[in-house]
Amino acid sequence: MPVATLLPFTATPSRKSASPTSFRLTEKFILLLVFSGFITLCFGAIFFLPDSSKLLSGVRMATWPQKSAKPPCTPGASSQFEMPRASRSVSRRGRHLATFSRINVLLHLVLSFTENMGTHSNFVLSSTPQMMKFAWESYKRYAWGSNELRPVSKQGHSSNLFGNIQGASIVDALDTLYMMEMYNEFEDATEWVEKNLDFNVNGEVSVFEVNIRFVGGLLSAYYLSGKEVYRRKAVELGEKLLSAFKTPTGIPWALLNLKSGVGRNWPWASGGSSILAEYGTLHLEFMHLSKLSGKPVFAEKVMNIRKVLNRLDKPQGLYPNYLNPNSGQWGQHHVSVGGLGDSFYEYLLKAWLMSDKTDEEGKKLYYEALQAIETNLIRKSSGGLTYIAEWKGGLLEHKMGHLTCFAGGMFALGADGAPGDKTGHQMELAAEIARTCHESYARTNLKLGPEAFRFDGGVEAIATRQNEKYFILRPEVIETYMYMWRFTHDPKYRQWGWEAVQALEQHCRLDGGYSGVRDVYAGRPSHDDVQQSFFLAETLKYLYLLFSDDNHLPFEHWVFNTEAHPLPIIRKDKTDKSQPPL
Ligand code: DMJ
């Protein structure tokens, strides 16, 4: 029986979602949009009308087909979403016409928005699949089978994270395609996975990245579609990753050669250490691998990580980012809720939720860690912005990463179970973090968030170092908006998501796909030429969920891994024979 029939993809249909009418933008916001539409229209007309008015209609109609949430199911029908001929000719006509394409996308957004003001959330909801279609079709046209797309040079791209495994964007996108009802594209992806996804390759991979993107993506695709190939591939890859745990403590290596089974750590990591956010972000996927394979070994490996951590003293109750897998001792005392630490905390909370709230140890560890973070790391700026600093041997660095912005969503997700009547307090903290992260976007020229922003030297929520000003299509801020929307239904979170959609369309969308930008404070974007696989897995999925009904992938049935791949809650009901003993 297909697994999907066992798992509610949506919750009880009777549950009312936030109605579109509950979303009322301020008049100021509407006026601003109408005004920007007018300016855009004038700008486009001045520069481009002499070329051809047909070009305008070609780009508009083909790029943003109206009301086409569900793609036709006939083979080859996806061609209606291909870049139109007009648009391809645009790509050959240099910088001005590339600008033209972006301007017209924005123009269409503005005009469509004003036409659809009454059903704004529905409009944005139907826009995000169009963004996904464009990202997917671009990847398919220029980089099919590669790990990622280079949208400027229009070719494939592979970072060293995946060794010689191919197709990261395909596997990362599977569940987003499925939930957006892009079934033709999902079938293309399935065919590629069946024929080409190969883990018997000689190359060194990041255990963490391969786990969250490939194992997580395959597991979700299996649970959503019920296709056996995804279960088989997830277990096959999980078995290969087991070699990473061959260390004296069982704390896994960061890097693993999939062919030889030899592991090692990042050369830059303090004292040859493994990284908290890497070895601490295997739990959800490995528990599901045990469930789906009937082999307890996966669960045993991740439960052992807990045991090792439980034996160690924590400075001020905090978890340092570095742990030596040979000695079992902490490395440098650097603590962060952003890079190097982030998803370890997320997985403590989600381990408890995914276990149907039976994993009491996960719960206890999460709320204790959160208390230590609040005491030692969370501060308020003189301008009233709450932020999460980094801790280096007892000294605070007043910097917050874009990665850290996921914490708003995590605090909100965990607020309900908070001990000692702290639910309200944790929701307030979550809202404060969301506000600060929104400010980090609002205080830039491009209205996209920098990689890291600071609260010192007279600035607040602004990047001051050149190497922290980039934006690589990361999802964390939108992820937090999505959780905040689901738990509060405060319309500002959808407004903020809409602002992000506009900025992405205006500055990141090129005629060859979506690209990150090098400096969010620059007058004009300089593109980094990478469409990250997590843009399809996370950024677009969280945007879609932000504007969806709450009963779409409801939290009472699903937990998202750190790459936004939904995994079902493992029910404690012992009569469920599909659950092997762990
Ligand atoms: C994703 O791969 C995951 O969210 C991970 O936990 C860290 N960040 C990237 C996207 O920013």
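Analyst: Helix 17 (residues 476–488) and helix 18 (residues 492–508) pack at an angle of about 155°, and their axes lie 9 Å apart. Helices (H or I, at least four residues) and strands (E, at least two) are DSSP runs, numbered from the N terminus, while axes are lines fitted to C-alpha atoms, for helices over the stretch in contact, with angles running from 0 to 180 degrees between N-to-C directions. Helix 17 is therefore roughly antiparallel to helix 18, a label used for angles over 145 degrees, with those under 35 counted as roughly parallel, 65 to 115 as roughly perpendicular and the rest as oblique. The crossing of helix 17 past helix 18 is left-handed, that is, the near helix is turned anticlockwise from the far one by less than a right angle.

This is a predicted model, in which local features need pLDDT of at least 70 and side-chain atom pairs count only at pLDDT 80 or more, whereas totals for chains, interfaces and linings use all residues. Residues are numbered from 1 along each chain as its sequence is written, and side-chain values use heavy atoms, with hydrogens and water left out.

As for the residues involved, helix 17 contributes Ile478, Tyr481, Met484, Trp485 and Thr488 to the contact with helix 18, which brings Tyr493, Arg494, Trp496, Gly497 and Ala500; contact means heavy atoms within 4.5 Å. These residues of the contact between helix 17 and helix 18 divide into 7 nonpolar, 2 polar and 1 charged, where Ala, Val, Leu, Ile, Met, Phe, Trp, Tyr, Cys and Pro count as nonpolar, Asp, Glu, Lys and Arg as charged, and the others, Gly among them, as polar.

Because Glu468 lies in the loop between strand 14 (452–454) and helix 17, and Lys399 in strand 13 (residues 399–401), the pair ties together parts that are 69 residues apart in sequence. By the same rule, the count comes to 28 salt bridges.

Notes: A salt bridge is a side-chain nitrogen of Lys or Arg within 4 Å of a carboxyl oxygen of Asp or Glu.
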